[in-house]
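Please give a guided tour of this model, saying what to select at each stop and what is found there.

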Amino acid sequence: RLFGNSGGYSERMATTNRLEGMRVAILAADMFEQAEMTEPRKALQQAGAQTVLISPSERHVQGAKHHDKADRFAVNMPLDRANANEFDALMLPGGVANADQLRTIPKAVEFVRAFFDEGKPVAAICHAPWMLVEADVVRGRRITSWPSLHTDIRNAGGHWLDEVNVTDQNLTTSRKPDDIPKFNEAMLHLFEESMTRGERRHMQHAEARR
């Protein structure tokens, strides 16, 4: 099956508006773990966020269920045209082939690093923290992931934990598809907190100009 732009999904009717006005980038290459993209994306859209699926593939990106091909999805924005400045947050689905491919693409690594440079919130699940290692942003952070990544994360200076969900500063991570409910909950909380901080800063700047 081929899925198009999700902007018209019926789930948007159930929005809580807690992330209204937030633009979230979702970065994925072929053979991303499908549930780790679709379920967080649905949660973000139900909360009122706009999601943009970004990929090195220009038109469609292939999802997977473990090692088997699943559905294809329309790419909203090719990676070559993506700029972290245009987004408020980043979500990274897992899948071993997806993460392994993305970490070899300098533009993808730079895109991910930019969110950390700008202090924007990031949610990553399963094999996605490989991208965080490649972007050199795990040092000193508490992180979880698919268990096979723990040596890479520790070698990069991170503190790996075998927990359903770990949030450290502007980053929240989980281990696998079974963790998606807790991952979604933590992601929405982190992203909402970021919006609240941004609104407070805006009000403080407005007061200072008066």
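Start with the largest nonpolar core, which has 37 residues; such a core is a set of buried Ala, Val, Leu, Ile, Met, Phe, Trp, Tyr and Cys residues joined through side-chain atoms within 4.5 Å. Select Leu 27, Ile 54, Leu 90, Leu 92, Phe 111, Val 112 and Leu 132, the members that touch the most other members. Two or more residues each come from S2, S4, strand S8 (89-92), helix H2 (96-102), H3, strand S9 (122-125) and helix H4 (129-134). H3 gives the largest share, seven residues. Helices (H or I, at least four residues) and strands (E, at least two) are DSSP runs, numbered from the N terminus. Buried means under 20% relative accessible area, exposed over 50%, and partly exposed in between, with a 1.4 Å probe and protein chains only.

This is a predicted model, in which local features need pLDDT of at least 70 and side-chain atom pairs count only at pLDDT 80 or more, while totals for chains, interfaces and linings use all residues. Residues are numbered from 1 along each chain as its sequence is written, and side-chain values use heavy atoms, with hydrogens and water left out.

Next, select Leu 27 and show its contacts (heavy atoms within 4.5 Å). Leaving out residues up to four places away in sequence, Leu 27 touches Ile 54, Leu 79, Leu 90, Met 91, Leu 92, Pro 93, Leu 102, Ala 108, Phe 111, Val 112 and Met 131. Another core, of 27 residues, lies apart from the largest one; among its members are Val 24, Ile 26, Phe 73 and Ile 180.

Move to S4. Five of its six residues are buried, so S4 is largely enclosed by the rest of the structure. Strands count as paired if DSSP finds at least two bridges between them. S4 pairs with strand S2 (residues 23-27) in the parallel sense over five bridges, and Val 52 in S4 is the bridge partner of Ala 25. With strand S7 (residues 77-78), S4 also pairs in the parallel sense, over two bridges.

Which residue of S7 stands opposite Ser 55? It is Pro 78. Ser 55 lies in strand S4 (residues 50-55) and counts as buried, at 0% relative accessibility. Its contacts, not counting residues up to four places away in sequence, are Ala 28, Ala 29, Val 61, Val 75, Met 77, Pro 78 and Leu 79.

Now show the aromatic rings. The structure holds three aromatic pairs. Rings of Phe, Tyr and Trp (its six-membered ring) pair if their centres lie within 6.5 Å; planes under 30 degrees apart count as stacked, over 60 as edge-to-face and the rest as tilted. Phe 32 and Phe 73 form a tilted pair, 5.8 Å centre to centre with 55° between the planes. Phe 32 is in strand S3 (residues 32-33) and Phe 73 in strand S6 (residues 68-74), so this pair ties together parts that are 41 residues apart in sequence. Phe 32 is buried at 0% relative accessibility, and Phe 73 is buried at 2%.

For the rings of Phe 111 and Phe 115, the centres are 5.1 Å apart and the planes at 80°, so the pair is edge-to-face. Both residues lie in helix H3 (residues 106-117), four residues apart, about one turn of the helix.
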